[in-house]
Amino acid sequence: MTDVIASNSELIETPAGSEVMEKFIADGWNPDRFDIQSWLERTPWRNLKGTKYGIDPDQARTHSAVRDDRLVNQIYKLDIATFLTAERVSYLGISKLVGHSPDEASAVFLATQTVDEARHYEIFSQRLAEFGVSPQQRDQMMQDVTTKEMRKFYDLIAEQVDKGDFASAMMAHNIVLEGMAYPIYRYESAYWSAFDPSLTQLIRGAFADEVHHVKFGEAIIKRYTKLGDESRNRMLRLAGEFHQLMTDVFEATIQHYIHLYQLVANEYMDLIGGIEIFRGKTMRDVSEVDQVRILLSEIQIEHQTRMQRIGL
Ligand SMILES: [Fe+2]
Ligand SMILES: [Fe+2]
């Protein structure tokens with residue numbers, strides 16, 4: 001086959017800036033920077049450029065304690081297994097929501113979010129594999145770290161998706177779960193920065209995505225709160241339920257796991273004591289129990305602010 005090429009004089013430059021139309025229907029929200037082109041520019045071409053499974057191979061560093069000290073190794077895997085439980089809820093839920101989207105711009109965005117969440121699931125699985133954890137052992141660990149409080153929390157999220165209630169499901173995923181994920185990721189990336197800078201890097205890459213998912217969550221929920229219909233009340237009721245469940249999840253974590261973290265902190269204070277775990281506060285200044293409580297209160301304050309911003 002031969003291409004037919006117009007003579008040079010007939011070729012003009014396209015596109016002519018101002019003439020570019022909206023390409024997708026976005027029903028009552030601003031779809032700028034939520035398409036696949038933006039995703040490529042932000043994620044694979046920028047945040048993840050040069051990385052392999054979320055880590056720059058030239059900067060891969062891990063403290064020997066993560067491998068050799070049983071306790072450090074245990075909480076390291078525990079943390080990653082906990083991330084994995086949330087990432088699985090995310091990629092399974094968000095992929096289903098593609099089909100319940102109110103418009104095509106949302107559907108396209110959620111397709112990119114599905115890839116992000118699946119990637120998070122993959123990189124955390126890869127990290128465990130690098131520490132000798134088989135997929136079967138990983139599944140078992142994920143089951144073990146899921147407290148009954150966490151189960152309830154995840155179930156309530158999945159329930160909104162299964163009902164196909166887009167507004168409530170987005171609220172559950174991209175406001176509550178994501179809004180919770182990112183203070184935790186911020187905390188964990190600081191926590192592991194001395195033991196495993198590689199994990200810190202990997203978490204930061206996921207964190208950058210979560211921040212963007214929350215932005216979409218805010219944009220799309222605003223669309224619903226403006227409608228002023230019954231969806232607003234449903235979201236409000238749900239927010240109340242989640243607020244309580246979130247508190248229960250954190251209290252249960254303190255109850256079950258905090259002693260392990262405290263033991264590690266005591267033993268490795270020389271290594272990790274100087275880490276600024278919260279703004280203006282180092283690991284040395286704050287006990288592990290207080291750290292979890294501060295983290296929960298940070299999450300709740302951010303959640304409140306976000307709720308106000310989106311009109312709930
Ligand atoms: Fe994620
Ligand atoms: Fe996310």
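This is a predicted model: local features need pLDDT of at least 70, side-chain atom pairs count only at pLDDT 80 or more; totals for chains, interfaces and linings use all residues.
Residues are numbered from 1 along each chain as its sequence is written, chains are lettered from A and ligands numbered from 1 in the order in which they are written, and side-chain values use heavy atoms, with hydrogens and water left out.

Q: Which residues are the protein donors of the iron ion (ligand 2)?
A: Donors are N, O and S atoms within 2.8 Å of the metal (3.2 Å for Na, K and Ca), and since water is not among the atoms, sites may look incomplete. Here the donors lie 1.8 to 2.4 Å from the ion. Their residues follow the spacing E-x60-E-x31-E-x2-H in sequence.

Q: Which residue coordinates both the iron ion (ligand 2) and the iron ion (ligand 1)?
A: The two ions are 3.5 Å apart, and Glu-117 coordinates both. Glu-117 lies in helix H4 (residues 104–130) and Glu-210 in helix H8 (residues 197–227), so this pair ties together parts that are 93 residues apart in sequence. Helices are DSSP runs (H or I, at least four residues), numbered from the N terminus. The residue asked for is Glu-117.

Q: Is Arg-33 buried or exposed?
A: Buried means under 20% relative accessible area, exposed over 50%, and partly exposed in between (1.4 Å probe, protein chains only). Arg-33 sits in the segment before helix H1 (36–47). With a relative accessible area of 64%, Arg-33 is exposed.

Q: What is the phi of Tyr-53?
A: Most residues other than glycine have a negative phi. Tyr-53, in the loop between H1 and helix H2 (64–68), is not a glycine, yet its phi is positive. The value is about 50°.

Q: Within what arc do the buried residues of H6 fall?
A: Among the buried residues of H6 are Met-150, Phe-153 and Ile-157. Seen down the helix axis, the buried residues line one face, because the directions from the axis to their C-beta atoms fall within an arc of 150°.

Q: Which helices do the buried residues of H6 pack against?
A: Contact means heavy atoms within 4.5 Å. The face turned away from the buried side carries the exposed residues Lys-148, Lys-152, Asp-162 and Lys-163. The buried residues pack against H3 (70–97), H5 (135–145), H7 (166–191) and H9 (230–267).

Definitions and conventions: Helices (H or I, at least four residues) and strands (E, at least two) are DSSP runs, numbered from the N terminus.
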